Amino acid sequence: MPDETLTIRDNRTGTEVEIPISDGTIHATDLRQLGLMSYDPAFLNTASTRSGITYIDGDAGILRYRGYPIEQLAEHASFLETAWLLFEGELPTREQLEAWEEDVRLHTYVHTNVTQFLDGFRHDAHPMGMLLRAVAALSTFYPDAKEIGDVESRRLQRVRLMAKFPTIAAWVFRHSRGLPYVFPRNDLDYIGNFVNMTFEIGGRHEPNPVLQRALEILLVLHADHEQNASTNAVRGVGSTQVDPFSAVSAGIAALYGPLHGSANEAVLRMLDEIGTVERVPELIEAVKAGHGRLMGFGHRVYKSYDPRAKLIKRVADDVFAQTGLNPKLEIALELERIALEDEYFVSRKLYPNVDFYSGLIYQAMGYPTDYFTVLFALGRLPGWLAQWEEMLSDPEQKIARPRQVYTGYDEGEFVPLAQRG
Ligand code: ACO
């Protein structure tokens, strides 16, 4: 028995058991000695894994990938460098980074049949719905992706996903606009190629380095966030040993929800509805009276200012210096100001989260509101893949299959249809 233990006395029977504590946790399976399960809907106090990827201290507002503070990565690292860090556990050397960038560059093309099923979507199909289907469908193009026990195959699928995701994401954008698909250009870097595939018209697009770096920082800020809802979906579905394209599409589905990735879209709709700064107090009162939530506020883990939201505010300054001020920024700043002084929000520790300002920036860059979550998904992709890899290499993991507390009927007798009243 380790030094740290917990003694539990079952007052129904007087039985006492001593169970080990490790890393501030007890094993739920140790409760079986007492014939008990733990009940934790929505995982409020349950760790589903050990993980060495991302550290969050929600009270102190700290976020680190593999030990590196998010502030330093946002300032210095490229998105592909950050992805390597998440996958490999360390920052790449120059040679490693160049080889990784080249590897990704050589896999950016997707089978042209993908354009045919994108064409099958209605013109107003939601971009996340299209992304979800197209990424899941990649598994049918790469049947070798089923070899999830093969380290080299897993590495190849990671490269494929990182390389083809921007192509599909850009094509989803083109489909929504009724524009012809632009194919990847190998002379451009990762971000430059993605932006070109989305915005090129008539063979031309004038790159704006400030906006491209701002987009890159946003992707770095979204790259991982430990066991969030979409990562949990990737791990949960991946635990069945399905291929990574299918597991990642489960993450995309989870991200689509307005309580998760689509909150950035919901923020913009909310700002549109408010319309003017003068109407901000009215919305705050409505939220306090239980009519809806202040979108882009609150977080399951952060009970102080989301460190990513702080960094995003700085990115917003750079972007708006290029594009001119987004008039909705004024409404957002006023909302934040009032909410941070209001007892309702202060007592519940509700602060702006990563999504509160990101939508305003995406809009200024020229992305439509319903496309914002696609950008979030592109950013989160390396996190999903790193967590998927960690899950598969973890001997403690098995198929994720929770238990339940049954609350239904006792056994009943089947009544034939003719005899039912
Ligand atoms: N506006 C108003 N009240 C809120 C908000 C909000 N945005 N968020 C939480 N609350 C209130 C709840 O009503 C509850 O109040 P009560 O104790 O009086 O009932 C209390 O704060 C606690 O809320 P929970 O729902 O228990 O908190 P939980 O941790 O389950 O939810 C969540 C976290 C989903 C992020 C929530 O804060 C929310 O809905 N926020 C708005 C949506 C959003 O911005 N999501 C993006 C999250 S970040 C991301 O996914 C990248």
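## A chain and its ligand shell

The chain has 17 helices and five strands. Its radius of gyration is 24 Å, close to the 22 Å that the globule rule gives for 421 residues, so the chain is as compact as a globular protein of that length. Keep in mind that this is a predicted model.

Of the 421 residues, 48% count as buried. As for how the sequence folds back on itself, take the contacts between residues at least 6 apart in sequence: 73% of them join residues at least 24 apart.

Now for the ligand. It is surrounded by 19 residues, and the closest are His260, Arg293, Leu294, Gly296 and Arg300. Sorted by type, that shell holds ten nonpolar, five polar and four charged residues.

| Residue | Ligand atom | Distance |
|---|---|---|
| Arg300 | oxygen | 2.8 Å |
| Asn353 | oxygen | 2.9 Å |
| Tyr344 | nitrogen | 3.1 Å |

Arg300, then, turns up both among the closest residues and in a pairing with a ligand oxygen. As for cover, the ligand on its own has 920 Å² of accessible area, and the protein covers 73% of it.

Glu216 sits in helix H8, which runs over residues 209-222. Is Glu216 buried or exposed? Its relative accessibility is 14%, and buried means under 20%, so Glu216 counts as buried. Leaving aside residues up to four places away in sequence, Glu216 touches Ser78, Phe79 and Ile191.

Glu273 belongs to helix H11, residues 263-274. With a relative accessible area of 63%, Glu273 is exposed, because the cut-off for that label is over 50%. How far is Glu273 from Ser51, C-alpha to C-alpha, and what separates them along the chain? The two C-alpha atoms are 41 Å apart, and the residues are 222 positions apart along the chain.

So on one side there is Glu216, a buried residue in H8, and on the other Glu273, an exposed one in H11.

Methods
Residues are numbered from 1 along each chain as its sequence is written. This is a predicted model: local features need pLDDT of at least 70, side-chain atom pairs count only at pLDDT 80 or more; totals for chains, interfaces and linings use all residues. Side-chain values use heavy atoms; hydrogens and water are left out. A residue is near a molecule or strand if one of its heavy atoms lies within 4 Å of it. A polar contact is a pair of N or O atoms within 3.5 Å; within protein, one must be able to donate a hydrogen and the other to accept it, and residues adjacent in sequence count only if both atoms are side-chain atoms. Accessible areas come from the Shrake-Rupley method with a 1.4 Å probe; for residues, only the protein chains shown count as cover. Ala, Val, Leu, Ile, Met, Phe, Trp, Tyr, Cys and Pro count as nonpolar, Asp, Glu, Lys and Arg as charged, and the others, Gly among them, as polar. Helices (H or I, at least four residues) and strands (E, at least two) are DSSP runs, numbered from the N terminus. The radius of gyration is taken over C-alpha atoms; the globule rule is 2.2 Å times the number of residues to the power 0.38. Buried means under 20% relative accessible area, exposed over 50%, partly exposed in between (1.4 Å probe, protein chains only). Contact means heavy atoms within 4.5 Å.
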